[in-house]
Structures are given as structure tokens and as C-alpha cells.
Amino acid sequence: QTSNLRQTTKSKQGTMKMKNRGCLSTIYTLLYANISHSTLARHHSHVPVALPLVSAFNNPSATQRPHHYFRELSTSTSRTKQPRKMAGQDDAPTINPLSQKGLPSPLLLGSASFTRKLILSEMNIPYHKVVRPIDEKSLGDRTKDTPHDLVLTLALAKMDHLVNEIRSGNCVDDMPVEAAGTAGTASYIVLTGDQVVTHAGNILEKPESIEQAKEFVRGYATEPCSTVGSCVLTHLPSGLQVSGVDTATIHFKSTIDGDLVDRLLEEDAPILSCAGGLMVEHPLVKEHIERIDGAEDSVMGLSKDLVERLLDELSVLLINTK
């Protein structure tokens with residue numbers, strides 16, 4: 001009897017333990033579901049995801065793999081939590097090409113061109129504008145010089161004049177703040193450039209009037225035009241200098257006409273400041289472009305590839321002279 005009583009007692013205790021385990025399993029499942037639900041709601045409240053209350057009562061399989069269910073849901077919603085990148089943004093930190101090549105910064109830009117400033121900004125090159133204009137019309141021979149020679153002659157003349165002004169102390173008020181108190185010992189890279197447009201064998205510079213700009217533009221409907229742009233870099237105080245020329249050809253659709261000039265002027269586009277009256281970066285002009293043989297930045301007045309190459313050449317020259 002004693003033996004039977006012990007067996008009966010053990011049987012009852014085993015049954016109670018099983019019941020207790022079942023209750024605990026249900027309680028743990030409920031707690032886990034509610035905690036997970038609360039956690040997801042707190043961390044992903046901006047995501048409109050309907051989270052079901054999962055438990056052993058309305059989802060029997062939840063007792064088998066509730067952890068995987070929430071891990072998968074959490075993973076999918078966490079992807080939407082990542083901040084959206086802006087256009088052109090990447091994970092790499094911004095690198096100053098001048099510092100990377102061992103060149104002084106900022107660059108001194110001897111040009112008032114808006115597009116050249118824009119292109120340097122796109123290249124992450126710090127610059128400071130210092131402009132000393134020259135009489136461009138008095139230089140070169142438009143009837144004999146090749147476009148390549150003409151733009152190089154003009155860019156070199158701009159450079160010579162600007163460097164002389166800097167060395168003579170006539171640009172003190174226009175120099176970067178960092179140059180204060182350096183007494184002419186600061187190092188700089190100076191950039192000047194020039195550009196012309198060629199069309200039907202003619203060299204086109206900045207239009208002298210609105211009517212001339214319209215005449216230029218009407219001609220682009222019948223024959224492609226090309227841009228020829230120069231860039232000169234000079235290191236101060238050493239005087240080491242490099243230069244180069246880049247070209248691009250623009251093929252326009254037959255839809256382009258002189259009325260485009262009026263539409264551009266209505267939007268205050270500075271077409272009279274652009275060689276050949278060209279502003280390929282403007283949306284009103286882009287809709288008439290069939291294709292460009294070359295880089296758009298070259299057409300805009302400063303080839304990024306040319307600038308990079310010249311910076312590399314100047315860096316090598318400086319290293320070899322030390």
C-alpha cells in the first residue's frame with residue numbers, strides 16, 4: 001500500500017509539474033510577445049506596420065519559434081529606419097584634392113566665371129576668388145591663331161597679370177584671411193583659364209549683343225559647335241607652371257533657334273558672359289541638345305579631367321624641385 005501511495009503521489013506531482021510548465025510556457029510567450037511588441041513600437045514607431053499580438057492562444061506555432069518571427073520582422077523594419085542619402089552623397093568623407101596631392105590650399109581662382117566656381121566646388125577644391133581683368137580683345141590674332149593657341153595665350157596673359165599683381169602687393173585686401181601676416185611667404189596654387197566656341201570655321205567669343213547671341217544660336221541648328229578651353233596653374237612663390245587645353249563638341253537638334261535667347265534672358269541667364277552664348281547646363285538649353293562628344297564640365301568652361309591632370313603634374317614638379 002505504501003508503495004502504491006508513493007507511486008500515486010509521484011504521478012500527481014508529475015501531472016502538476018506538466019501543468020505548471022504549460023502555464024509558464026504560455027506566460028513566457030505572452031511576456032515575450034508583449035515586450036517585443038512594445039520594443040518594436042518604440043524603435044519603429046514611424047513605420048506603419050501592424051504587429052499582431054502573438055501568443056500560444058491565437059498562434060500555436062508561436063511557442064515553437066517566436067524569436068525567429070520577431071527577428072525577421074525587426075530586420076525588415078530596421079531597413080526602413082536607415083536615413084535616406086541625398087543625391088550625390090556617399091559614405092566616403094570629403095577629400096580635398098589639393099591636400100591629398102601635397103599642394104597648398106585654398107586655390108586662388110583668377111576668374112569671375114560662375115560655372116568655374118561651381119565646377120571647383122563639385123571637385124571639393126577649396127578656392128578663393130582673386131580677379132584682375134585684362135583687355136582680352138587686344139591679345140591674339142582671331143584671323144590667324146588656332147583656337148588652341150588663342151585660349152592658351154589669353155589664359156597665360158591673365159596668369160602673368162594676376163601673379164604680378166599679387167607679388168606687387170596690389171591684392172592684399174583680396175587675399176584669403178589665412179594669408180594675413182605671412183608677409184608674402186604663403187604658398188598658393190593660382191588658376192586662370194579661357195574658352196572660345198568654334199563654329200563653321202569661326203572663333204566665337206562672348207557675344208557683344210543680344211542680337212549677336214541669337215545669331216550664334218541660330219547657327220547651332222545647322223552645324224555642331226565645339227568648345228576649346230584652357231587652364232593654367234601656377235605655384236607661388238616658386239613660379240612653377242603647367243597648362244593644357246581640352247575640347248568638346250555639342251550636337252544640337254534642329255529645334256534650337258534665336259528665340260531661346262529671349263527665354264534665357266527672361267530667366268536672367270548670363271548668356272552675354274558665356275563664350276558663344278552657350279549655357280549647356282541650363283534646362284532650356286539641354287532640351288535642344290542631341291549629344292555631347294566630351295565632358296559637360298569642359299563645355300561649361302573648366303574640364304575636371306584637365307584640372308586633375310595639371311594638379312598631378314604640378315605636384316610632381318614641386319617634389320622634384322625640393
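Modeller: Helices (H or I, at least four residues) and strands (E, at least two) are DSSP runs, numbered from the N terminus. The model is predicted: local features need pLDDT of at least 70, side-chain atom pairs count only at pLDDT 80 or more, and totals for chains, interfaces and linings use all residues. Residues are numbered from 1 along each chain as its sequence is written, and side-chain values use heavy atoms, with hydrogens and water left out.

Biologist: How much space lies in the largest pocket?

Modeller: A pocket is an open set of points on a 1 Å grid over the protein atoms alone, with protein on both sides within 12 Å along at least five of seven lines. Points are joined across faces, edges and corners, and the volume is the space filled by probe spheres set on them. For the largest pocket this gives about 890 Å³.

Biologist: Which residues that line the largest pocket are the closest to its centre?

Modeller: Lining residues have an atom within 4 Å of a point, and 34 residues line the largest pocket. The closest to its centre are Ser113, Arg116, Lys206, Ser273 and Cys274.

Biologist: Which element gives the largest share of the lining of the largest pocket?

Modeller: Two or more residues come from each of helix 4 (114–122), helix 5 (147–167) and strand 3 (188–199). The largest share, 4 residues, comes from helix 4.

Biologist: How many charged residues are in the lining of the largest pocket?

Modeller: Ala, Val, Leu, Ile, Met, Phe, Trp, Tyr, Cys and Pro count as nonpolar, Asp, Glu, Lys and Arg as charged, and the others, Gly among them, as polar. The lining of the largest pocket holds 16 nonpolar and 8 polar residues, and its charged residues number 10.

Biologist: How many charged residues are in the lining of the largest cavity?

Modeller: A cavity is a set of points where a 1.4 Å probe fits but cannot get out. The largest cavity holds about 50 Å³ of space, and its lining includes Val217, Tyr220, Phe252 and Met279. That lining has 9 nonpolar residues and 1 polar residue; of charged residues there are none.

Biologist: Which strand gives the most to the lining of the second largest cavity?

Modeller: The second largest cavity has about 40 Å³ of space. Its lining has 3 nonpolar, 5 polar and 1 charged residues, and Gly229, Ser230 and Asp246 are among them. With 3 residues, the element that gives the most is strand 5 (residues 225–236).

Biologist: How many disulfides are counted?

Modeller: A disulfide is a pair of cysteine sulfur atoms within 2.5 Å. By this rule the number of disulfides is 0.
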